[in-house]
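Colleague: Before I use the labels attached to this model, I would like to go through some of them with you and hear what each one rests on.
Modeller: Gladly; let us take them one at a time.

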Amino acid sequence: MTNSSDAYSPDAGVSSDVLSRELAIEQAHVDAVYERLGVATKSARSAAESGQELYRSDRGSWVREEDGTALFERDAFAFQAAKRLAILDAEHEGLVFGRLDHTDREVRYIGRIGVRDAEYEPLVIDWRAPAAEPFYRATPNNPMDVVRRRVLRCRADKVIGIEDDLLDAEANIDDLPIVGEGALMAALSRARGKHMRDIVATIQAEQDEAIRADHRGVTVISGGPGTGKTVVALHRAAFLLYSNRRRFERGGILVVGPGPVFMNYIERVLPSLGEDSVTLRAIGAVASDVLPDVRATRIDDALAANVKGSLRMVTLIKRLVNLPLSDGPTQLLTTVKGNVLKLDASALDRIRTSVAAHGKLNASRDAAERAVLAALRPQVPEELGLDADAIDDLITSSSAYRTFLSTWWPPLVPTEVLRRLADAGVVDRIATDLLTEAERAALTASYATHDDWSVADTALLDELAAILGPLPRDAGDSDPTLFLTSGAEVSELVTMADRYTRSIEADPDDDSVENYAHLLIDESQDVTPMQWRMLRRRGPQASWTIVGDLAQSSWPDLDEVGRAVRELIGSAPHREFRLSVNYRSPKEVFDLAAEIVKRAYPKADLPTAVRSTGNEPELARVSEAALVSDLAARIDTLTDQVPGTVGVIVPPSRIEALQAAVLRRLASEMNSVDIDRVWFVTPLEAKGLEYDAVVVVSPDEVVAESPGGVRVLYVALTRPTQLLVTLDVGESAGAWRRSRS
Ligand SMILES: Nc1ncnc2c1ncn2[C@@H]1O[C@H](COP(=O)(O)OP(=O)(O)OP(=O)(O)O)[C@@H](O)[C@H]1O
């Protein structure tokens with residue numbers, strides 16, 4: 001097996017004459033397809049110019065097949081073909097990638113888009129069409145009337161390689177040569193680059209079932225590392241769009257992954273399948289539809305992260321919202337014709353709680369005012385002979401009352417409310433029965449020591465946005481200088497006026513949560529209960545695809561993860577798929593990783609590694625003093641040994657300093673190293689990613705620094721496609737492997 005990107009080498013067993021002849025046959029077909037597409041593009045353009053915008057769809061596609069009734073079907077097809085062609089990633093590996101030869105001698109070509117000839121006969125079948133299914137599902141045990149499955153490897157419009165599988169050796173067809181040594185193995189041993197590639201030419205049968213599963217309800221896809229969960233989920237998104245375009249293009253599909261590095265890694269897959277209408281968002285950016293500035297990447301320390309992810313925060317946040325502002329009024333005093341009217345703190349609290357129970361706070365100011373007036377009216381002496389309207393007019397015209405209302409029920413901005421948790425006094429008042437002392441301290445410290453938001457905070461901010469609702473549209477009508485005449489202390493005046501002015505800068509139109517028809521959640525084992533609440537707000541009517549592996553969870557309470565998914569499924573129809581083959585890690589690497597994870601999590605779902613390289617992992621040790629020079633030297637060697645990427649996975653506490661020092665050393669002493677191929681990441685950032693070679697720095701610290709412990713080390717150990725090095729730092733390090741059985 002070869003590591004080069006041209007690993008689709010022709011089988012030496014087939015004469016070069018046969019190979020050349022077969023390549024020429026396939027080239028002729030590919031040429032015909034491109035010629036036809038040229039015609040389709042022209043025809044699409046001219047139809048568009050002659051006013052067919054009528055058929056433009058809401059989300060910007062040119063034509064919906066179902067609506068194109070006034071068009072000849074062929075014209076509608078031309079639109080679709082031209083549109084998909086325009087989206088296809090420039091670097092995609094061939095429009096036509098497969099061929100099926102059937103027992104009845106019928107030949108079908110499979111490609112990224114469907115293409116028909118002038119007589120409307122299929123030249124290429126879209127990989128998602130039912131007729132393409134045997135390409136993925138046929139096996140020698142169940143050949144599905146297919147004799148030979150052929151994968152074509154193209155560069156741009158040139159066919160450069162062929163890989164065949166003989167599926168029905170009994171079929172009486174003796175003029176079908178079999179070429180190549182297996183498309184899957186060749187694909188798997190190719191170098192990894194910065195972006196994930198589609199697997200459209202080599203989808204395996206168990207993966208195909210998950211991709212084509214019913215769109216309704218909830219589809220759960222599980223499996224160990226490297227089993228293709230992510231890539232399968234992305235192909236499923238493309239399949240859903242193909243099979244139910246109207247519903248999913250209009251309603252939208254949201255793909256959520258763990259972080260921006262991961263989103264960047266997967267972003268090319270859907271365009272390479274001709275689909276560009278899917279929204280990709282890291283979990284820390286999901287709330288950015290309601291809170292545009294909130295896009296977080298920082299991970300809290302373990303204790304704070306656990307607290308912030310837990311459902312106990314729902315109660316805590318409700319209490320926080322109801323807790324009067326420390327600089328707000330504690331009572332209302334006003335007069336009507338010389339008679340003093342008063343509501344004390346407990347009366348105000350009762351009103352606040354009962355109003356808050358019935359609506360969103362920012363939308364309830366009128367209701368709160370009605371409740372306050374209703375509580376004041378009985379205090380006006382009857383002998384004044386005033387009716388309710390007259391009393392209300394007298395109360396509301398007083399400046400003391402207006403000042404009270406603005407400060408007692410101000411427009412509340414989620415970010416400002418959550419910041420209140422930096423005050424230990426606030427946390428103590430609302431959380432003594434919810435959190436331990438250590439948890440309360442961790443929560444307060446996380447806000448007191450950081451100005452920016454963490455990923456876990458975004459779900460809390462989203463929860464707050466849901467409780468508070470959009471800012472009132474008239475929030476800007478009141479004059480902040482009002483406070484200057486209220487008679488309170490100057491320092492307070494500034495605080496309130498300041499808060500008021502800042503809060504009205506938010507655009508009330510930005511507060512609507514985006515709803516999707518389908519949500520696809522990757523690395524779901526790390527989604528906390530609070531984050532599930534945030535996601536569910538994006539798809540109250542949606543169907544779901546949930547992808548994950550409990551053995552890779554960084555969340556400490558695995559039962560809670562399971563419960564959250566069961567709750568989401570509820571009584572909806574659902575189906576589960578388990579992927580069983582690890583296509584990423586060589587067997588030698590995965591054996592080590594599996595042994596480590598089994599110790600901490602015996603129930604781990606361990607896949608079978610499909611490849612073997614003969615390279616055992618290197619378990620190395622280095623002193624603290626020699627770490628930088630040793631790591632730089634290893635990176636130098638590894639970039640020579642593998643053709644693609646080298647991942648250096650470093651515990652969070654070390655990454656910044658170590659990366660800077662190693663890069664400096666590489667630049668000064670080993671400047672032949674191609675730095676663009678080297679990635680420094682924390683174990684959590686490495687989730688879902690893969691590299692040709694990986695160095696895991698200080699595995700003991702990787703375990704110690706994450707609430708997921710050994711499971712997070714398992715993630716790190718399962719990232720390489722070729723070579724693994726672990727680097728213990730210091731004489732006594734290595735606990736992670738000493739207790740190997
Ligand atoms: N059928 C296939 N043909 C070719 N390559 C495949 C196939 N299935 C998976 N792969 C490759 O295997 C690698 C792992 O896939 P992927 O990242 O989707 O796995 P995963 O199950 O999400 O892993 P993890 O849980 O570790 O994040 C990728 O490089 C992917 O392209």
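Colleague: Which residues is Asp636 in contact with, leaving aside its neighbours within four places in sequence?
Modeller: In this predicted model, Asp636, whose place is in helix 24 (residues 627-641), is in contact with Met670 and Val673 once those sequence neighbours are set aside. A contact here requires C-beta atoms within 7 Å.

Colleague: Why does Asp636 count as partly exposed?
Modeller: Asp636 has 17 C-beta neighbours inside 10 Å; a buried residue would need 20 or more and an exposed one 12 or fewer, so with 17 Asp636 counts as partly exposed.

Colleague: What makes you say that both faces of strand 19 are covered?
Modeller: In a regular strand the side chains alternate between the two faces of the sheet. In strand 19 (residues 678-681), Val678 and Phe680 lie on one side and Trp679 and Val681 on the other, and all are buried.

Colleague: How do you know that strand 18 and strand 19 pair, and in which sense?
Modeller: The criterion asks for at least two bridges, and strand 18 (residues 646-649) and strand 19 have four bridges, in the parallel sense. Within this pairing, the bridge partner of Val648 is Phe680. Strand 18, helix 25 (residues 652-669) and strand 19 also make a right-handed β-α-β unit.

Colleague: Turning to the six-stranded sheet, why are strand 3 and strand 6 said to stand at the edges?
Modeller: The sheet is open, with the order 3-4-2-1-5-6 and mixed pairing. Strand 3 (115-116) and strand 6 (158-166) each have a single partner strand, so one side of each is left without a neighbour in the sheet.

Colleague: How many bridges join strand 1 to strand 2?
Modeller: Five bridges join strand 1 (residues 96-102) to strand 2 (residues 107-111), against the two that pairing requires, and these strands run antiparallel. Gly98 stands opposite Ile110 in strand 2.

Colleague: What surrounds the ligand, and which residues are the closest?
Modeller: The shell has 24 residues, and the closest are Thr202, Pro225, Gly228, Lys229 and Thr230. Helix 4 (183-188), helix 6 (229-243) and strand 15 (581-586) are the elements that give two or more residues to this shell. By class, the shell has eight nonpolar, 11 polar and five charged residues.

Terms used: Residues are numbered from 1 along each chain as its sequence is written. This is a predicted model: local features need pLDDT of at least 70, side-chain atom pairs count only at pLDDT 80 or more; totals for chains, interfaces and linings use all residues. A residue is near a molecule or strand if its C-beta atom, placed from the backbone, lies within 6 Å of it. Ala, Val, Leu, Ile, Met, Phe, Trp, Tyr, Cys and Pro count as nonpolar, Asp, Glu, Lys and Arg as charged, and the others, Gly among them, as polar. A crossover is right-handed if, with the strands pointing away from the viewer, the path from the first strand over the helix to the second runs clockwise. Two residues are in contact if their C-beta atoms, placed from the backbone, lie within 7 Å.
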